[in-house]
Amino acid sequence: ASSLQASDGSGSQGISVSGEGRVAVAPDMAVLNIGVSAKEDTVAAANSAAQAAMDRLLSSLTGDGIVEEDIQTSQFSINPEYDYQFNEQKLTGYRVTHMLQVKVRDIDRAGEVIDGGVEAAGDLVQVNSISLTVDDTSAMANQARELAMADAKAKAQELARLADVELGKPISISESSYNPGPPVAYP
């Protein structure tokens, strides 16, 4: 929105405008939320099963060229599970869940990396989400700033022309950004 601000001479006067700059770019990186979940009668057995599946998953990821710096644990939990029948709760075992956030910098290989991980971890695998994003947003942020400044300047020049005044240099500039986020793809 834009508004014209003027005063009676006792304060400052000027034209206040806002500008917008939008830049759309294709995603170049996939971020996977993948891991394992195992349920067994005891915590030790569930943890052992989950760890064995996680070792296979990690081997698959590194074998597909994912570097260790791009693999982070996003969740680790141990929870009892119950069966509720006739207002009674019965312990049925323990679930160990270990989830990773994995950056796949070669976006074209994301499907291959997922397939390999699913095969390696077997029935204990969990794929919670796959998001597509841009690895380095600094260049597009600079481009959006340039477009926003050009938009604001054009609006200010038009208002100055309509008010029959000269446009000076900006007195203040503030920035806000909005990123609607990348679309989410599901397998």
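Two aromatic rings, taken from Phe, Tyr or Trp (for Trp the six-membered ring), are said to pair if their centres lie within 6.5 Å, and the pair counts as stacked when the planes are under 30 degrees apart, as edge-to-face when they are over 60 degrees apart, and as tilted otherwise. A search of the whole structure finds one aromatic pair. This pair is formed by tyrosine 82 and tyrosine 84, whose rings are tilted, with 6.3 Å from centre to centre and 45° between the planes. Where a residue is called buried, its relative accessible area is under 20%, whereas exposed stands for over 50% and partly exposed for values in between (1.4 Å probe, protein chains only). Tyrosine 82 counts as partly exposed because its relative accessibility is 36%, and tyrosine 84 counts as exposed because its value is 57%.

The structure is a predicted model, in which local features need pLDDT of at least 70 and side-chain atom pairs count only at pLDDT 80 or more, while totals for chains, interfaces and linings use all residues. Residues are numbered from 1 along each chain as its sequence is written, and side-chain values use heavy atoms, with hydrogens and water left out.

Helices (H or I, at least four residues) and strands (E, at least two residues) are DSSP runs numbered from the N terminus. By this assignment the protein has three helices and six strands, which follow one another along the sequence in the pattern β-β-β-α-β-β-α-β-α. Of the 187 residues in the protein, 22% are buried.

Four of the strands form an open sheet in the order β4-β5-β3-β6, with antiparallel pairing; two strands are taken to pair if DSSP finds at least two bridges between them. Because β4 (71–85) and β6 stand at the edges with a single partner strand each, one side of each is left without a neighbour in the sheet. Neighbouring strands of this sheet are turned by 20° against each other on average, direction ignored, where axes are lines fitted to C-alpha atoms, for helices over the stretch in contact, and angles run from 0 to 180 degrees between N-to-C directions. β4 and β5 are joined by 14 bridges, and glutamate 81 stands opposite glycine 93 in β5. β3 pairs with β5 over 11 bridges, with valine 36 opposite histidine 98 in β5, and with β6 over eight bridges, with valine 31 opposite serine 131 in β6. β3 is mostly covered, since nine of its 12 residues are buried.

Helix α2 comprises the 12 residues 110–121, and its end C-alpha atoms are 16 Å apart, which agrees with the 16 Å that it should span at 1.5 Å a residue; the expected span is 1.5 Å times one less than the number of residues. Ala110, Val113, Ile114, Gly117 and Ala121 are buried in α2. Seen down the helix axis, the buried residues of α2 fall within an arc of 100°, so they line one face of the helix, the arc being that of the directions from the helix axis to the C-beta atoms. Asp115 and Glu119, on the other side of α2, are exposed. The buried residues of α2 pack against β3 (29–40), α1 (43–63), β5 (88–104) and β6 (125–133), where contact means heavy atoms within 4.5 Å. Just after α2, glycine 122 takes a positive phi of about 70°.
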